[in-house]
Amino acid sequence: LQRLELAFFFDALESEGRIRFRQRAAAATGIVLSPSDLVEDKPGADLLRLTRGQETDLPASAKITYIGASSDYTQAVAESRRLVGVSARTASAALPIVLDADQAGAIAESWLLETWVGRERASFSLPPSHLAVEPGDILDVVDASRTHRVRITEIGEHGARPIDARE
């Protein structure tokens, strides 16, 4: 399923004892969290902790191998490149999917963009009253300088709910 998640930008998640599949773009909840909605999980720690991945750790290009619809179903490659930055890394994935060149190119481009946007990560804790928030949800977290739109990647269950998310 991971390769299909990559190609079609959806998440598989467990919710209410069932496995659900949800498009990432459709996961916006409309929830806006202000600093007063967050709880302190460690004494003296910031309520919202933001980290940014190193540019050199991110790919400068994304390459996907797929089954070409217009080339007698032979293996084909689509690539997207980032024209700025100092990274020399390449992310690659083999998709067992029949695609035309335009579709494959769009997938490679979206994957590369999502990787770069997702380098910004957020950590915070919510009170137990926010039980409706689940992994995969997209919400806005406001801090003193701006609003961060994040997709939740992980939630802990230890009284206060520690959250890991990416932009």
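The sections below proceed from the overall fold to local features.

## Basis of the model

The model is predicted, and local features are reported only at pLDDT of at least 70, side-chain atom pairs only at pLDDT 80 or more, while totals for chains, interfaces and linings use all residues. Residues are numbered from 1 along each chain as its sequence is written, and side-chain values use heavy atoms, with hydrogens and water left out.

## Overall architecture

The protein contains two helices and eleven strands, where helices (H or I, at least four residues) and strands (E, at least two) are DSSP runs numbered from the N terminus. From the N terminus on, the order of elements is α-β-β-β-β-β-β-β-α-β-β-β-β. The C-alpha trace spans about 60 × 40 × 25 Å along its principal axes.

Of the 167 residues, 38% count as buried; buried means under 20% relative accessible area, exposed over 50%, and partly exposed in between, with a 1.4 Å probe and protein chains only. Among contacts (heavy atoms within 4.5 Å) with a separation of 6 or more, 63% join residues 24 or more positions apart.

## Nonpolar cores

In soluble globular proteins, nonpolar side chains tend to be buried together. A nonpolar core is here a set of buried Ala, Val, Leu, Ile, Met, Phe, Trp, Tyr and Cys residues joined through side-chain atoms within 4.5 Å. The largest such core has 20 residues, of which I64, Y66, L95, L99, A104, I107 and W111 touch the most other members. Two or more residues each come from α1 (2-8), β5 (59-68), β6 (75-81), β7 (89-99) and α2 (101-117). The most is given by α2, with six residues.

Beyond its neighbours within four places in sequence, A104 is in contact with I64, Y66, A78 and L99. Another core lies apart from this one and has 14 residues, including L33, L38, V150 and A165.

## Ring interactions

Rings of Phe, Tyr and Trp (its six-membered ring) pair if their centres lie within 6.5 Å, with planes under 30 degrees apart counted as stacked, over 60 as edge-to-face and the rest as tilted. The ring centres of F10 and F21 are 5.9 Å apart and the planes stand at 70 degrees, so the pair is edge-to-face. Because F10 lies in strand β1 (residues 10-15) and F21 in strand β2 (residues 18-23), the pair ties together parts that are eleven residues apart in sequence. F10 counts as buried, at 11% relative accessibility.

R82 lies over the face of W116, at 3.7 Å from the ring centre; the criterion is NZ of Lys or CZ of Arg within 6 Å of the ring centre and within 35 degrees of the ring normal.

## Largest pocket

A pocket is an open set of points on a 1 Å grid over the protein atoms alone, where a 1.4 Å probe fits, with protein on both sides within 12 Å along at least five of seven lines; lining residues have an atom within 4 Å of a point. The largest pocket has a volume of about 590 Å³, taken as the space filled by probe spheres set on the points, which are joined across faces, edges and corners. Of its 24 lining residues, F9, R24, E114, T115 and R151 are the closest to the centre. The largest share of the lining, six residues, comes from α2.

F9, in the loop between α1 and β1, has a positive phi near 50 degrees and counts as buried at 17% relative accessibility. Y73, in the loop between β5 and β6, has a positive phi of about 60 degrees and counts as exposed at 57% relative accessibility.
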